[in-house]
Amino acid sequence: MSIKKRTILLVFGTIIMPMFLFLIISNIIMFKLNDSSAAEYLKNGLRNAQSIISSRMDEMQSIADFLSLEERLQNAAYERNSSGIESELEDLNKVLNYVDMILFFDPKGSVLFSNKELKAPEMLLKKSYLERINMRKASIATMDRQHVDDIFYSDSTLYQESCVKVSSAEQNNRLYKNMLMGIVIAPVYGTNDQLLGYILFADIINNDPYFPEMYTNSISESFLSIGMDGIRVTSNIKSKESSNYIGSKNPVALEDSNALQDKSMGVEGNYTYGKVLIGTEIHYYLDSGIKNIDGDVVGELGVGIPKYKFNTVVNANNNLILIITCLFLFVLLFIGRYFANKITRPLKESMNYLKEITAGKRDITVKSEWLTKTEDEGIQLLQLIHELAVNLDLSEQKRLSYELELNKYKTELEEQVAIRTRDLQVAMFEAKRGDDVKSQFLANMSHELKTPLNSIISSSLTLENGVFGPLNEKQIKYLQVISNNAGHLLKLINDILDISKIESGKMYLMKNEFLAQELIGACIFDVAGLASNKNIQIRLQVEPEQMRLYVDGNKFRQIILNLLLNAIKFSYNNGEIHINCIENPSYHSITVRDFGIGIDEQDHDRIFEPFEQVDGSYSRQYDGTGLGLPIVKRMVELHQGAVSLKSSLGEGAEFTIFIPKKNNVNLK
């Protein structure tokens, strides 16, 4: 048998025949399983409806969790400040416009805020829910049922909107007053996991068209119903006779245990499935229970579709499958025949040429009839094989040439890399040597200068104290100038020594635990005289009051003193300086805030470099060496902490240092 015939038989036997048999069998099965198909169709719809409800509950829970972490709400709850809680929650309806009730309870269940006037709001906060929340320390989302008379006043809008008018003949004009709602409760915790209260959102489902409309938008022609006690409280079921079935009875009451385990028509599980007459139309329906977080059935969720519409969908799908299958079969048959003719003609010749190329032959001779331009893929394959042989020969020659050139470039590159590496090593050595010489020089010079300066300071104090006889006012004034300038110069030398020690890695810390209140209070006492000269008030706030810092006491005092001196220097007269110490889970933050001239944002990085000062009026009006802030930054980093700056011209400066707690990570 020829290759062409074998190709056609292969296509027919492996693709066309199985598809044809599959089409026949699938149509037979689909017609026999029409009712079970309706059940599966509605089960998918029920899952979709449950997903729509879960999505809204998840959105409410996410926003409640976010609000529970808001510091301002936590502070208001801690202070039982109802107006503060209201200011944080009053705009929620702009985001959650579907939420009917927004409440805040204290830990004992008393209402601190409610966006609606309620009769007994505490009934929404069930004991079983609170036990679950307090055990898990996390929010919950659940469906719940309440009686309208228990929650609302009879003259309220929510009371009227939540009641459902029963439409059955024997109970006409009766109001059904149980209401189904989605509830989210989120606990609010403060520092040290102190329970401050609970946020509660409630979305009433009675007479709310949202879920039925969303469901029908996603699954056209299908309807959704939500009910309690066998009565629909919201629905978008329609028939030729009516478009409002809210208040009508469900087909089967879900409290019936047999109904919950009904396996009729091939449906298994906790579903109620069957057919029901809606008006004059037969509808398929599938109902399931709605459970709360405790596992109690609080309502019923049902989906349905008119039988004639479902049959239309099934028939349309069957017809579409039949048309696509027939079209695909025809295309496959045509393609198989076409390619059988095109491929088999030059296939044998191509195989012979490939064998010659594989054997290493490059001067292949192709018959002239195969070299003419054509659209035949088989002939093009032959032409490509001929071109391949020619190109392989040229490529091998080029490859040998490229290898020689590449080896040459490789050798040159290795030589250049070696030269550059040596140059870089020499440059790095010289740079390190120069840095070491600079640090050693500064340290030696500073030590040499400290001795005479200490002698000058000591001698001036001795003269000023009248040890060698009384002095007049002018002599005392000049001695004070000598003493002050010598002290200023000594501080400069000490700062240079500190910078040199830090940069050379020779400064070490002796850490211990200190009360932040005492350590920082001592620094405030040291600068009290300078602050009083400018009538500046220094305010200290430590939270908690017994906060302990794990630091080198002397180095930490130097950090705080430099920040305070900087704040006093650049503050206006009659101003204030605020110091705030806050404890965080892994670190402490100490903020020194002044309300002086401020620092331009473009200079924030420069002021932490040694001997750098801000240009313009900043440097002309105020003295300084440019070493205070660099020492602060490097000493904080020695503590494995970090420094931040917030400032702009005319708005003061806020320096914050972050010191890790004992046995904690590096904050840098």
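**View 1. Surface and overall make-up of the predicted protein model.** The accessible surface of the protein amounts to about 38,300 Å², and carbon and sulfur atoms account for 54% of it; areas come from the Shrake-Rupley method with a 1.4 Å probe, and for residues only the protein chains shown count as cover. The protein contains 18 helices and 19 strands, which are DSSP runs numbered from the N terminus (helices: H or I, at least four residues; strands: E, at least two). Of its 668 residues, 39% are buried (under 20% relative accessible area; exposed is over 50%, partly exposed in between; 1.4 Å probe, protein chains only).

This is a predicted model, in which local features need pLDDT of at least 70 and side-chain atom pairs count only at pLDDT 80 or more, whereas totals for chains, interfaces and linings use all residues. Residues are numbered from 1 along each chain as its sequence is written, and side-chain values use heavy atoms, with hydrogens and water left out.

**View 2. Phe-334 on helix α11.** Phe-334 lies in helix α11 (residues 307-358) and is exposed, with a relative accessible area of 56%.

**View 3. The largest nonpolar core.** This core has 55 residues, and Phe-104, Phe-201 and Ile-226 have the most contacts inside it (contact: heavy atoms within 4.5 Å). Its largest share, twelve residues, comes from helix α2 (residues 34-68). A nonpolar core is a set of buried Ala, Val, Leu, Ile, Met, Phe, Trp, Tyr and Cys residues joined through side-chain atoms within 4.5 Å.

**View 4. A second, separate core.** This core of 42 residues includes Ile-520, Val-542, Ile-579 and Ile-599.
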